[in-house]
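Hello,

Here is the structure I said I would pass on. My notes on its aromatic residues follow below it.

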Amino acid sequence: MRFVGGKIDALLGDYLKPIETNWQPADFLPDSAQDNFLEEVKLLRESVRELTYDYVAVLVGDTITEEALPTYESWLMDMEGVDQSNPQNWTRWIRSWTAEENRHGDLLNKFLYLSGRVNMRAMEVSTQYLIADGFDIGTGRDPYRNFVYTSFQELATNVSHRRTATLAKQAGCPQLSKICGVIASDEMRHAKAYKAFVKQIFEVDPSEMMLAFEDMMRKKIVMPAHFLRETGVKIGQTFSHFSDAAQRLGVYTTTDYIDILDDLLADWNIASISDLDDAAQRARDYLMALPARLRRIAERTKVPTLEYPFSWIA
């Protein structure tokens with residue numbers, strides 16, 4: 001971590017944007033200081049009328065996931081090799097990454113508030129629950145496992161936001177499409193950063209990095225909001241229904257999970273990494289065979305068709 005961390009400061013400009021020139025939520029929303037604010041809100045509300053029930057549910061779930069950033073930052077700050085008292089490299093990256101990600105939930109939350117399609121209090125209760133409940137993503141304090149997770153997860157959120165952007169455009173809501181699109185762009189840029197961290201670790205500690213990758217894929221990559229719940233609902237049940245809606249819409253599916261794994265295997269050049277010990281070689285064999293195995297399972301998996309009445313939707 002010290003070796004890779006020593007290179008982080010030089011890379012920040014490649015994966016983060018200057019705060020003063022970066023987009024902010026206000027750039028995409030009606031300006032409450034302007035005289036035409038109410039007219040702009042009226043147009044916004046009209047544009048979201050054709051969004052389906054499942055779409056609104058997925059957008060709310062995405063928003064809550066983005067707003068649980070306090071959990072994600074505190075988790076990453078607790079990794080081995082991170083020193084919060086040192087304002088450089090890893091600490092600087094985590095704080096800057098959090099600052100960019102924080103805009104996502106802020107923007108989506110305000111849009112949903114103005115849309116009139118959402119029971120905001122119910123959504124806010126779920127957000128507070130998710131932050132209070134925390135999460136367990138199977139990484140512990142190990143940075144290798146954490147960076148496998150973040151690489152995968154940033155790619156997954158990129159897929160999800162890109163798809164919601166496309167569906168919003170098809171439903172005649174270009175403003176929301178643009179919002180989801182800029183968020184997706186951030187997620188891809190952040191994914192490139194985490195993938196670069198893992199690639200550098202593979203260069204100096206290939207066997208341990210390979211074993212960490214294998215371990216995370218055996219456990220399966222859980223979504224950061226897998227503890228999502230509503231009032232009176234047990235942990236995990238709401239997330240299951242949210243996931244079903246995303247599958248029905250094609251926003252994020254089992255096939256996407258497998259495609260992301262394929263991308264990581266290619267990006268990290270797993271098939272060609274050398275200097276592995278015996279355990280790491282077995283781990284690589286498992287990883288290389290995993291996509292085909294998962295596809296066979298996916299072919300037998302049926303997407304649930306039963307819609308669930310979310311408390312979030314007005």
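Trp90, Trp93, Trp97, Phe147, Tyr194 and Phe197 come together as one aromatic cluster. Please keep in mind that this is a predicted model.

Across the structure there are 17 aromatic pairs. One of them joins phenylalanine 202 and tryptophan 268, with 6.2 Å between the centres and 55° between the planes, which makes the pair tilted. Phenylalanine 202 belongs to helix α8 (residues 174–204), while tryptophan 268 sits in the loop between α11 (254–267) and α12 (278–299), so this contact ties together parts that are 66 residues apart in sequence. Both partners are out of the way of solvent by the cut-off for buried, which is under 20% relative accessible area: phenylalanine 202 is buried at 7%, and tryptophan 268 is buried at 3%.

The other pair I looked at is phenylalanine 310 with tryptophan 312. Their ring centres are 4.9 Å apart and their planes meet at 15°, so this pair counts as stacked. Phenylalanine 310 is buried, with a relative accessibility of 4%, and tryptophan 312 is buried at 0%.

Two arginines also sit over aromatic rings. Arginine 103 lies over the face of tryptophan 23, 3.8 Å from the ring centre. In the case of arginine 218, the charged end is placed over the ring of tyrosine 286, at 3.8 Å from its centre.

Regards

Key:
Residues are numbered from 1 along each chain as its sequence is written. This is a predicted model: local features need pLDDT of at least 70, side-chain atom pairs count only at pLDDT 80 or more; totals for chains, interfaces and linings use all residues. Side-chain values use heavy atoms; hydrogens and water are left out. Rings of Phe, Tyr and Trp (its six-membered ring) pair if their centres lie within 6.5 Å; planes under 30 degrees apart count as stacked, over 60 as edge-to-face and the rest as tilted. Helices (H or I, at least four residues) and strands (E, at least two) are DSSP runs, numbered from the N terminus. Buried means under 20% relative accessible area, exposed over 50%, partly exposed in between (1.4 Å probe, protein chains only). A charge sits over a ring if NZ of Lys or CZ of Arg is within 6 Å of the ring centre and within 35 degrees of the ring normal.
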